[in-house]
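Here is a short briefing on the aromatic rings of one protein model. Look over the sequence and the structure before reading on.

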Amino acid sequence: MIVDSASATKRQRFTAVDPMELESAKAKLAAAKEKFGREIRVFETATASSVPPDVSSNVSEEPEDFYEFTPEDYYRLLGTKKEEKHLKTKKIREAEEAARRARITKAVIRVRFPDNYILEATFHPSETIKSLLDLLVKVIARPELPFYIYTTPPKKEIKDFSQDFYSAGFIPGAVVYFSFDLPKGDDGAAASGSYLQEEVMSLQGLDSMIEKMEPGEPSRDESPTTKPPPSVPDQKPAADKKKIKPKWLKL
């Protein structure tokens, strides 16, 4: 039997992880969820892999003019708003808004740090942005330093922490950026190490390991076999029965 090489490679990739390591990864993620009160993930962006460690630790923010809102951006957004405008009554709009809000059950927020690491956390859309700040205080390496979060483009600092994620437009997910709120001369020392705690950084790649171990995949040592088709007995034509004349029949 010919086995597809791609399928064999896929099975080999799934079984390459030690079961003990898999259980350890699950335990670490479960412990982090219990400690921080929600599911969190840590991963590195693709651009960070090409930056040397001594350079990525001192990555500076983009200049302010990089986030300027251009006239082209304004007219593009204005045209989009006109296309989405419909003549609907207030009652219909409120009903549609309530239906949309009921369908969304979570908000996945990604916080990108200057060293190109990303913290991903899951919130309920009705939770406020303050819950995100409370989580950041628990996971960053230097919570004693002032910091702020912002969105871009254009660069806009988030100041209203009482707003929920749905009202802020952070559904079903959003990317925000982290920065220490320090004078120019002091921000270099704050960025000398990792922005996240060592315990949180140890979660990097654990979710990918679990996702690769899909349940129900056959082992690479198990060769695919096929069952022979059930045997069908040969059907012989029924022999012609000899016609017997009844005794009572008289011709």
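**Aromatic rings in brief**

Phe178 is buried, at a relative accessible area of 1%; buried means under 20%, exposed over 50% and partly exposed in between, with a 1.4 Å probe and protein chains only. This is a predicted model: local features need pLDDT of at least 70, side-chain atom pairs count only at pLDDT 80 or more, and totals for chains, interfaces and linings use all residues. Residues are numbered from 1 along each chain as its sequence is written, and side-chain values use heavy atoms, leaving out hydrogens and water.

**Pairs and cluster**

- The structure holds nine aromatic pairs; rings of Phe, Tyr and Trp (its six-membered ring) pair if their centres lie within 6.5 Å, and planes under 30 degrees apart count as stacked, over 60 as edge-to-face and the rest as tilted.
- Phe113 and Phe178 make a tilted pair, because their ring centres are 4.9 Å apart and their planes lie at 45°.
- Phe113 sits in the loop between β2 (107-112) and β3 (117-123), and Phe178 in strand β6 (residues 173-180), so this pair ties together parts 65 residues apart in sequence. Strands (E, at least two residues) are DSSP runs, numbered from the N terminus.
- Phe113 is buried, with 2% relative accessible area.
- One aromatic cluster is formed by Phe113, Phe147, Phe178, Phe180 and Tyr195.

**Around Tyr150**

- Tyr148 and Tyr150 are a tilted pair, because their centres are 5.8 Å apart and their planes at 40°.
- Tyr148 counts as buried at 16% relative accessibility, and Tyr150 counts as buried at 4%.
- Lys155 lies over the face of Tyr150, 4.7 Å from the ring centre. A charge sits over a ring if NZ of Lys or CZ of Arg is within 6 Å of the ring centre and within 35 degrees of the ring normal.

Methods:
Helix = DSSP H or I, 4+ residues; strand = E, 2+ residues; numbered from the N terminus.
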